[in-house]
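I opened the notebook today to look up how two chains meet, and then to check one residue away from that question. Here is what I went through.

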Amino acid sequence: MSFRYDVVVVGAGPAGTATAYHLARRGRDVLVVDRDVFPREKVCGDGLTPRAVDALAAMGATSIAQAPRIPLLRIWDLSNGSSVDSRFERTSAGTESAVIVPRVVLDHDLCQRAVAAGATFWPRTVVTALERRDGGVRGVRVLRDGVEMLVEAAVTVIAEGSAGRLGRALRGPDRFRADVGYAVRQYATDVEVDECFEVFFPLGSGDGRVAGYGWVFPAGETVNVGAGFFYGDSPPRKINLRGLYRDFLVALRRHSQRFARLVPTSPLIGAPLRIGLEPERCHGDGWLLVGDAAGGINPFTAEGIAYGLETGALAANAIDQALATDRRLGAYAAGLAGAYPRHTNLRFYYPRLFGFVERNYEAVLAGRLIGLADHHRRGGPIRPALRHLLSDHAPESSGLSVADCVAAEADGAGGFIRAVLDGLLGDVRAVEPLVSEVLRYVRTSASALIGLPAAFVWSMTRACAGRDPDAARRLAEALELFVAAHLILATVGPTSPERPRRYANSLALLWGDLLFGQCMRQLFTLPDPIVGAILDGTTATFGVGLARACEPSLEDGRRRRSEVGDCARLCAAGAAAAASLAGASPEVSAWARAWGSQLAEAHAALGDVIAQKLGDRALDLPPARSFGRQADTIFMEAVAHARTAAGLLALAPHAVSDPAALEVVTRATMCRATRLGSHLGAAPALFAAGPAA
Amino acid sequence: MTSEPSELRLVNDVDAFVLEQLAHHDPQVQRINAHLAAAPGKHIRAILVVLGSTYGDGTRTRDAVAAAAAVELLHLGSLVHDDVMDDADMRRGLPAVHRRWSVPVASLSGGYLCTRASSLVNALHDDRIRTEFGRTVTSVCSGQLMEIENGHNLELTEERYHATIERKTGALFAFAAFVGGAAGRAPEARTAALRAYGGAFGTLFQILDDILDVTGEAGPATKPAGNDLRRGTYTLPVLLALRAPVPAARELRALLGPTHHRAGDWLQRALALVRAAGGLEAALSEARRIGERAVSALAPLPGSSATRALRELVEARLAQACMGIGQP
């Protein structure tokens, strides 16, 4: 017997059903096969992160609707009984809470959603072989109710989880032992739980300690208790997971009265974990891997449902496109690389990060690291950056950053800024990979001046016909490094006995110093008069900040502006230095400083308005942070500065050969003000008259 | 020391130079800077710079003082940040900046000091020095990061420990000796020798510091005994004690590490175990080997009073550690 479908999906877990659902919605003819009859159980923590919740809502899943919202992740240190609470990373849709839905319910629900959308579902169907023809996969051979059948399909989607043999046959064997782990779980009762995900470190003791964690998640009447680990970069050894789990239960019972009477109500079941998502190995002629089969698991937390749902949606997009055109599935790899740009790097940091948190038990392990700046009253980039790092997702741009607005005015300028920031990340990565990941996140900041120095260098080099693009790039990189170093050093927060913040501050100081060192390294490749001018700017930046920090009473009262603005002088010095570097006269250089200073002040003020009215995710600043003045006053100042800069442009010395590049950056400032105005719903009438000449 | 090289008097000018560099128009900033300059340290790095400067043409004393001030400023900046990380109350007999003012002030003050140091280095107008300085700052930071990343790591290898202290401490000493020579216009062969000596001496300096941290005889001006151990920084005496094939090593291993509950006099016990397992003697003989390396690095230099002084620095430091351990 043989059948024909556009797409056959092997496995009816979240990844498979998501793929089928999104394809069926687009009118594609989809068959999902699974060896089980649904509903069925699955080894999982049953926890759905905010990202998974969003993806499920997009599929209209009903099972999440009634499930209780879990706002907190509580991380326990079993070695000393301390804990720390952490929130989940908020999604772009604004979801902040996780939910718990047992997989037996969730997978059944998703299966029904796919069928309701028009997909065909064959339970109790075992795939016996891939149908390979002409060098590609053209469907599968299955055994359904004991009858052999051939299912032909233009695309075969493998969603059989991490242990499946079809996926392995297609992608080849695992390359790194560090990419493999295992997890076990069971249900239990007679436990008092709070409405939070509880996670426990360390797992194992002494030399038997492993890079993993135990968990207790509330699941209605019962709890889901489990443990999992990755081999990481630990020396090769046999790990007895059941023994590890038994020890975990003993430790749990001893840890708290809440768990003393814990009674298991289901058998302990286990499954392998595979990280190591490699986009190029996830597709081929007529086939795709999604979810766990693709290695789509968070390398730190081992969360997999969000990845399953997201990779399913990405696969459906790519397949739909391919069916309409040339049947090539390369768009899928591009989609994966875009969605998880750091996955490959992350899995190498993972053991390192884990080793770090595991050893520093004062840091309450992962929790303190993730939540380490939770107590940062003044905000700071480290907590969100680390949490983001652990979330293994591409950062989002607000569209309000300096770089975004300059890029909108001129592709060339945008390209230069990007190249400078990418180059800087690469240089920092070579010294300290974690810092480069933090910076990757920080650079999406809406309020910081990141990108402005590079914009100044780009425009001045062009305007003055500079002939050394490499020196210009090094200057821009040094300036950007300083802005980043200062940003991190300026967010080191005050301490108190209740909030010692030792790790938050230590890391911020070390990372800030490291970036400063990198800055000096780049800077000192330039001629000394240029460097001298820049160092005067950096001295002034620290001086202004110090004077303000000495008067904490100014913090929320008479304070004139945020730390971000301190770098305005440096940026202006950078504009002047770029002109000198391009061979301009002292007169031109002085004019460049005046022009740059007006624009930098404008951007600093816009940054303050953004921080005050919208907040800044990348710096962990909530909105409504006061700088002692009304946002509209600051906004008007920004506009005034930008207009002055535009006026200065008309007075540019004749030696400036190409003022067009300077106009680009000047316009970009107005563009940023306009964008911000529309974000805030302010009357664009402010700009209707345009810049006064 | 028998006869001090006359150039050493230049070290006395360094403090005044530093103070001059830290003058600031804002009274608040000026107060912080004055506080920092009020308690100069032992100038060991400045001494290296000044001794290094004797190997040139002898015409650049002002540059040597400026270079020494730059090194001291960079060191001071790193101390201000270190004290935040160590949660130290005092520095050089005065309240630490983060105690006297606040942590945010200490953060920016450290940055300010490093910036001033950079300006001084830039003003020496020497590309060799400028390049070397950029590398040095990065080295010091990455060494400190390595240290914090390896906190509570019982599996820390000796190689990794050496790599850490070569960056954390050795790099600035190497720069100090080098910049003295370079600022004094010494030829390449001599600055290279000075750099090698400085790196080895800095490493030795750190190991001996680590030994004195265990014996608690680092003097009242510094930290209490076992400060590193308490913070989970396992230094050479501890690592060597952990490797020793004796029962004390096993007991020490059980006492340290992340799963241990800290209680009672665990720190005193751990320090005693480091001694019992022979960690101090083993670290001292390692220090002696590095001391020999430092002295042999001096071979290309002429047999001047400065060279003798550099050799004596090594011997004096080793003698101090021997006394700490109670060895002849």
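A salt bridge, as I count it here, is a side-chain nitrogen of Lys or Arg within 4 Å of a carboxyl oxygen of Asp or Glu. I am working on a predicted model.

**Entry 1: the interface.** How many salt bridges does the rule find across the interface of chain B and chain A? I looked, and the count came back as zero. For polar contacts I got seven residue pairs across the interface of chain B and chain A, with both partners at pLDDT 80 or more.

**Entry 2: who supplies the chain B side.** I then asked which helices of chain B touch chain A. At least two residues each come from α2 (27-38), α4 (61-86), α6 (103-122) and α7 (127-149) of chain B. The largest share belongs to α6(B), with 15 residues. Sorting the chain B side that touches chain A by residue class, I noted 24 polar, 18 nonpolar and nine charged residues.

**Entry 3: extent.** I found 51 residues of chain B in contact with 54 residues of chain A. Together, chain B and chain A bury about 4600 Å² between them, and 64% of that is on carbon and sulfur atoms.

**Entry 4: one residue of chain A.** I turned to A:Asp411 and found this residue in helix α13 (residues 411-431) of chain A. Is A:Asp411 buried or exposed? I noted A:Asp411 as exposed, because its relative accessibility is 69% and the cut-off for exposed is over 50%. I also checked the C-alpha separation between A:Asp411 and A:Ala646: 21 Å, with the two residues 235 apart along the chain.

Terms used: Residues are numbered from 1 along each chain as its sequence is written. Chains are lettered from A and ligands numbered from 1 in the order in which they are written. This is a predicted model: local features need pLDDT of at least 70, side-chain atom pairs count only at pLDDT 80 or more; totals for chains, interfaces and linings use all residues. Side-chain values use heavy atoms; hydrogens and water are left out. Contact means heavy atoms within 4.5 Å. Buried area is the accessible area (1.4 Å probe) that two parts lose on being put together, summed over both. A polar contact is a pair of N or O atoms within 3.5 Å; within protein, one must be able to donate a hydrogen and the other to accept it, and residues adjacent in sequence count only if both atoms are side-chain atoms. Helices (H or I, at least four residues) and strands (E, at least two) are DSSP runs, numbered from the N terminus. Ala, Val, Leu, Ile, Met, Phe, Trp, Tyr, Cys and Pro count as nonpolar, Asp, Glu, Lys and Arg as charged, and the others, Gly among them, as polar. Buried means under 20% relative accessible area, exposed over 50%, partly exposed in between (1.4 Å probe, protein chains only).
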